[in-house]
Every structure is written in C-alpha cells, then in structure tokens.
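Work through the exercises below with the model open. Each task is followed by a solution in steps.

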Amino acid sequence: MTFDLTKRPRRLRRSGFLREIVAEHSVSVNDFIIPLFVQDGTGVEIEIPSMPGYHKRSLDLTIEHVKQLRDYGLKAVLLFVQVSDGLKDNAGVEALNKLGLMQRAVEAIKLAVPELIVFTDVALDPYSKFGHDGIVKEGHIENDSTVEVLAKMALSHANAGVDFVAPSDMMDGRVAAIRSGLDAGGFQHVGIMSYSAKYASCFYGPFRDALDSSPGFGDKKTYQMNPANSLEGVKEALIDIEEGADIVMVKPGMPYLDVALRLKEASEVPVASYQVSGEYAMIKAAAARGWIDEEAAILESLIGFKRAGVDLIATYFGLDYAKIMKR
Ligand code: PBG
C-alpha cells in the first residue's frame with residue numbers, strides 16, 4: 001500500500017550528511033564560558049567529590065590548565081575562588097583585598113594568556129561567614145550596603161585586569177552601581193555579565209560543596225528567584241539592561257531554557273545560560289552507572305541551549321566538548 005503524501009519530513013533525515021546540512025543549530029567552542037575554581041597553595045589539584053572529573057586548582061596549576069583550554073580553542077573562563085574560613089566576615093573585607101586570591105588569579109591568567117576573556121564572579125558568599133551573598137543584619141540580607149561592597153569588588157577586579165564582571169548576588173540595583181563605579185575608575189571598557197534571572201535552586205549543591213559556601217542559616221529565597229516565575233525573569237533582565245548590563249544570564253540552565261528563550265526574544269543583548277554544578281553532577285552520576293551515554297548526553301544538553309536561543313553557555317563540559325570534537 002502506498003499513501004499519497006506530499007509532505008514527508010523524513011526526507012530530510014535520510015543520511016548523516018543530509019541531517020547536517022539542514023541542521024538549524026550548532027554548538028562550537030566559541031559558545032562556552034568555562035567556570036574555574038581556584039584555591040590557595042601550590043601544586044594543588046583536588047577533584048570535587050560531587051563533580052567527578054572536575055577539579056579545584058591552586059593558581060600555578062590553574063595557569064597550566066587555562067593554557068590547555070586556550071590550546072583547545074576555548075576562549076572564556078569564569079573565576080570562582082575558595083576563601084579560607086579565617087578570611088570570612090560579614091563585610092566582604094577580603095573580597096576587596098588587592099592581593100586577594102581572585103585579584104591575583106585575574107592578573108596571572110591575563111599575563112599568561114592575554115587573549116583569554118576573563119569573567120569574575122562578583123558576590124559575597126565565598127567571603128561571607130554566613131555563606132550569604134550579602135551583608136547580614138538581624139537575619140536579613142541587606143540590599144544597599146551589599147551593593148556598595150559589590151561595586152568596590154568589581155572595581156578591584158577591574159584593577160586586576162578582568163574583562164567582564166559577573167554579579168551573581170541578585171541584589172537590586174547592583175548593575176547600575178557597578179557600572180558607575182567602573183566608569184568612575186576609568187574602566188569604561190570592562191563589561192558586565194549580569195546573572196539577571198538567577199533562581200533559588202537546589203542544583204547549586206555541588207558548587208557549594210566545592211567552595212564550602214552553603215548558607216549558614218536559612219536559604220537564598222529572599223534574593224534569588226522563585227522557580228515558579230518566568231515573567232519576573234524578563235523583568236529582572238530588562239532592569240539590568242537599563243542599568244548597563246552587556247550580557248544577561250539565566251541560571252540554572254536546562255530546567256530554565258524557557259526563560260532563556262523569553263530573554264532572547266525580549267532583548268537585544270547576548271543571552272547566557274549557566275549549566276550549573278548539579279546539572280553536571282546528574283549527567284556524570286547517571287553515566288557512571290551506565291544509565292546514560294555520557295558523551296551523547298553532553299552533546300544533546302549543549303545543543304538544547306542553542307535551540308533555546310542561548311548565545312553563551314557557562315558549562316563544566318566545555319573542555320570535554322572540545323576534546324570530543326578534536327577526535
Ligand atoms: C554564588 C554562585 C553560586 C553559583 C555561582 N555563583 C552558588 C549560589 O548562588 O549559591 C552556582 C554555580 C553552580 O552551581 O555551578 N553567588
């Protein structure tokens with residue numbers, strides 16, 4: 001029996017070459033921002049238990065690692081530091097230390113690989129004795145006093161040579177304050193990638209293990225967004241763009257691709273999305289049990305971001321992707 005079908009979508013799927021020439025989206029190493037965890041010491045490389053295959057490194061080994069990233073065609077990194085407990089307080093003093101680990105890391109990386117685009121996380125949680133992204137007063141996270149410190153922190157990263165600061169704290173008004181601080185300091189060229197729609201998510205768990213930065217009391221729901229909201233994400237992003245954000249970000253990634261697509265449609269700036277530590281851990285854990293094919297899961301998850309209109313993907317799989325493509 002034959003049917004009289006004029007439209008047969010399967011015609012475009014008959015061979016590999018054909019599928020490739022009609023593919024709507026593609027991923028490349030140019031899409032990635034690679035998060036890096038830097039810690040004190042020398043010669044230190046520690047695998048993060050809840051992120052198998054991903055490491056924290058001292059600065060010397062971070063330098064070796066970024067050279068390898070560059071050699072694989074990767075172009076951007078996002079820096080996080082682990083701060084020792086003795087340096088944590090409720091004011092972010094260490095965050096402003098010119099000779100702090102973050103500042104030294106930025107300087108050393110830009111010296112070793114000047115063309116690499118360096119982003120820094122700007123938030124107080126790694127420096128906070130309460131593990132919160134802001135200054136704590138009577139059990140509340142204060143907005144405006146936190147914003148003042150964040151603006152100084154961004155300026156200190158700019159002094160160290162950063163290309164983009166990435167405020168991830170979700171305080172109101174921080175993009176404007178950071179922008180005016182940078183401009184006043186003569187850093188008109190330093191950009192801001194704002195974590196505009198950052199959700200209060202359980203998927204940050206492995207990251208908080210890695211940096212020992214879990215909130216000491218309560219949770220982050222008074223500043224990070226409610227996972228039930230999407231229009232609010234658009235509102236946040238539009239405010240940030242008004243305030244001077246060059247790139248807006250949605251975080252986490254895979255559970256929030258709808259929000260990324262909405263931001264893409266609502267704005268003219270590049271949209272980034274962060275495939276966070278818990279998303280990495282889920283893929284790694286399932287693959288380790290033989291429940292999913294790791295390589296296929298990496299590729300399928302990354303193309304999902306592109307389909308959702310994401311321009312830049314912050315992902316722990318960037319080097320894996322580059323290695324897969326080089327084979
Ligand atoms: C800190 C920050 C977090 C992440 C990036 N910046 C954790 C948090 O907000 O608690 C999470 C990244 C990840 O899980 O991969 N402001």
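Predicted model: local features only at pLDDT ≥ 70, side-chain atom pairs only at ≥ 80, totals over all residues.

**Exercise 1: Helix α4**

Task: Compare the span of α4 with the expected one, then state which of its residues are buried and what covers them.

Solution. 
1. Helix α4 covers residues 144-160, which is 17 residues.
2. From first C-alpha to last, α4 reaches 25 Å, close to the 24 Å expected at 1.5 Å a residue.
3. The buried residues of α4 are Thr146, Val147, Val149, Leu150, Ala151, Met153, Ala154, Ser156, His157, Ala158 and Ala160.
4. To read the spacing in such a list, recall that an α-helix has 3.6 residues a turn, so residues three or four places apart point the same way.
5. The cover over the buried residues of α4 includes the helices α3 (101-112) and α5 (174-184), along with β5 (117-122), β6 (135-137), β7 (140-142) and β8 (164-167).
6. After α4 comes Gly161, with a positive phi near 110 degrees.

**Exercise 2: The partners of β3**

Task: In which sense does β3 pair with β1, and in which with β2?

Solution. 
1. Strands β1 (residues 32-39) and β3 (residues 55-58) are parallel and share three bridges.
2. Strand β2 (residues 45-47) runs antiparallel to β3, and three bridges join them.
3. Lys56 in β3 stands opposite Phe37, and Ile46 stands opposite Lys56 as well.

**Exercise 3: The ligand**

Task: How many residues surround the ligand, and how much of its accessible area does the protein cover?

Solution. 
1. The ligand is surrounded by 18 residues, the closest being Lys198, Arg208, Lys251, Ser277 and Tyr316.
2. Polar side-chain atoms lie 3.2 Å from a ligand nitrogen for Asp125 and 3.0 Å from a ligand nitrogen for Asp133.
3. In the side chain of Lys220, an N or O atom is 2.7 Å from a ligand oxygen.
4. Of the 410 Å² of accessible area that the ligand has on its own, the protein covers 100%.

How values were computed:
Residues numbered from 1 in each chain as written. Heavy atoms only, no water. Helix = DSSP H or I, 4+ residues; strand = E, 2+ residues; numbered from the N terminus. Expected span 1.5 Å × (residues − 1). Buried < 20%, exposed > 50% of the residue type's maximum accessible area, 1.4 Å probe, protein only. Contact = heavy atoms within 4.5 Å. Pairing = 2+ DSSP bridges. Near = heavy atom within 4 Å. Polar contact = N/O pair within 3.5 Å; in protein donor to acceptor, adjacent residues only side chain to side chain. Areas by Shrake-Rupley, 256 points an atom, 1.4 Å probe, with all protein chains shown as cover.
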